[in-house]
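Thank you all for coming.

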Amino acid sequence: SGLINRVAGVCARRGANIESLAVGLTQDKALFTIVVNGSSSYVATLVKNLSKLVNVRFVEDLTTSKRVEREMVLFKVSAKAGAERSEVFQLASVFRAKINDVSETTTTLLVAGDPGKP
């Protein structure tokens, strides 16, 4: 099975609830960023278990490292051209959403910001 399944399997066996999983792929490697909640000993055990996986080169706990956290959500809204779509655009403006894509019958909106941002 694939590397993502094996990583998820280690987390599942340890009872870890993955809050966020981001994977960046290149031709010869994949970079995983996994967010889980737990005590420092729990996270250390998870790091050790992930390090044992075949083809895993390096695992690091970034809990105390400086980082940038952002949350993002995409909304796909049914909105035909005309007044309906104009209303969606107005609402997007109110909530600081960006228009990500527009088709004949739908509009996709993107909202991003800091996790604690109201």
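This is a predicted model: local features need pLDDT of at least 70, side-chain atom pairs count only at pLDDT 80 or more; totals for chains, interfaces and linings use all residues.

On one side of helix H3, the residues Ala83, Gln90, Ser93 and Val94 are exposed, where exposed means over 50% relative accessible area, buried means under 20%, and partly exposed is in between, computed with a 1.4 Å probe on protein chains only. Residues are numbered from 1 along each chain as its sequence is written, and side-chain values use heavy atoms, with hydrogens and water left out. Helices (H or I, at least four residues) and strands (E, at least two) are DSSP runs, numbered from the N terminus.

Which residues of H3 are buried? They are Arg85, Val88 and Ala92, and, seen down the axis of H3, these buried residues fall within an arc of 55°, so they line one face of the helix; the arc is that of the directions from the helix axis to the C-beta atoms. In general, an α-helix has 3.6 residues a turn, so residues three or four places apart point the same way. The cover over the buried residues of H3 includes strand S3 (71-78), strand S4 (98-102) and strand S5 (106-113), contact meaning heavy atoms within 4.5 Å. After H3 comes Arg96, whose phi is positive, near 55°.

Staying with S5, we find Thr108 in that strand, and Thr108 is buried, with a relative accessible area of 12%. If we leave aside its neighbours within four places in sequence, Thr108 is in contact with Leu74, Phe75, Lys76, Lys98, Ile99, Asn100 and Asp101.

Let me turn to helix H2 (residues 40-51), which has 12 residues and reaches 16 Å from its first C-alpha to its last, close to the 16 Å expected at 1.5 Å a residue; the expected span is 1.5 Å times one less than the number of residues. In H2, the buried residues are Val43, Leu46, Asn49 and Leu50, and they cover an arc of only 120° around the axis, which puts them on the same side of H2. The face turned away from that buried side carries Ser40 and Lys48, which are exposed. Among what covers the buried residues of H2 are helix H1 (3-13) and strand S2 (30-36).
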